[in-house]
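Reader: I've got a model open and I'd like to know what the labels on it rest on. Can we go through them?

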Amino acid sequence: MGAARAVGIITLVVTAVLGSAYLLGRSLVPDASRNDTAVTATGADHPEYADQSAAIDAEPVTTRTPAAGPSGSQRIDEQEQDPTVGPMGTRVSTGTAAVALTFDDGPHPDYTPQVLAILREYHVTATFCVVGKNAQAYPWLVEQIVAEGHTLCNHSWDHDVALGARSSEWIRADLMRTSEAIRAAVPDAPIAWYRQPGGAWTYSVISVSRDLGMAPLHWNLDPSDWRAPGATRIAASVVNGVRPGSIVLLHDAGGDRQGTVDSLYRILPELAGRFEVQALPPRGL
């Protein structure tokens, strides 16, 4: 009995010593670096996607380390330096010191004539991204837009935010139908730009638009006038946020746009005093 007790005591002592040695060794070894943290960009980080509601196919984003150049300097990818290039290669700047105002979702019989009258008053031209079914319904407004020197942009047939996730054949038919409705009003009008509703770009919609001779047009200043926050807030957002080369996203349809119309009485004189404000080239860049 005494021998068994002695063996048990010895076993406990040895176990305790070995455990202490293990813990001491662990404390002397630094923790391995963790590399399992995933960072996901969300719409909250990118306000330019605030009105994007469609679920579209996500494209992988790769991060490249700048290659070493002469004398150990780093060469940054040229596209990363180009301020005119935005999501998926879309256009986000005029490429000059000029500022471009763009109006989406029209034409609308209540708001588009008011916008045209104010632009005419301040001798400013703009770019109108028109929805096909509205162009078909109000062809005289499309005709007036062109007659007053503004640029046209295809904005899909019925503002389908999920258009880019559809088949290439579907996308092509949609864009062609829209362009046909525009040209029914103005047969010779150039349509060199395409803007995807909601900014929900995919490589399919970009590829089709380019194949049809239209450059994908995005923006770099969104005052969220589509939320109808009122003329004062819209104007303040544009006036304070505009920079040389800005492409400003505004709307002349798609809801109550009187706030946008009224904001132009402050936006236009402010911008005209600081920048050249003009439409994007009607035949592209």
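This is a predicted model: local features need pLDDT of at least 70, side-chain atom pairs count only at pLDDT 80 or more; totals for chains, interfaces and linings use all residues.

Reader: Why is His251 called buried?

Author: Buried means under 20% relative accessible area (exposed is over 50%, partly exposed in between; 1.4 Å probe, protein chains only). His251 has 3%, so it counts as buried.

Reader: What makes the His251 and Asp225 side chains a polar contact?

Author: A polar contact is a pair of N or O atoms within 3.5 Å; within protein, one must be able to donate a hydrogen and the other to accept it, and residues adjacent in sequence count only if both atoms are side-chain atoms. The pair between His251 and Asp225 is at 2.8 Å.

Reader: Which strand holds His251?

Author: S8, residues 247-251; strands (E) are DSSP runs of at least two residues, numbered from the N terminus.

Reader: How do you know that S3 and S8 pair?

Author: Two strands pair if DSSP finds at least two bridges between them. S3 (residues 100-104) and S8 have five, in the parallel sense, and Leu101 stands opposite Val248 in S8.

Reader: What is the strand order in the open sheet?

Author: S7-S6-S5-S4-S3-S8, six strands with parallel pairing. S7 (215-216) and S8 each have a single partner strand, so both stand at the edges.

Technical notes:
Residues are numbered from 1 along each chain as its sequence is written. Side-chain values use heavy atoms; hydrogens and water are left out. Helices (H or I, at least four residues) and strands (E, at least two) are DSSP runs, numbered from the N terminus.
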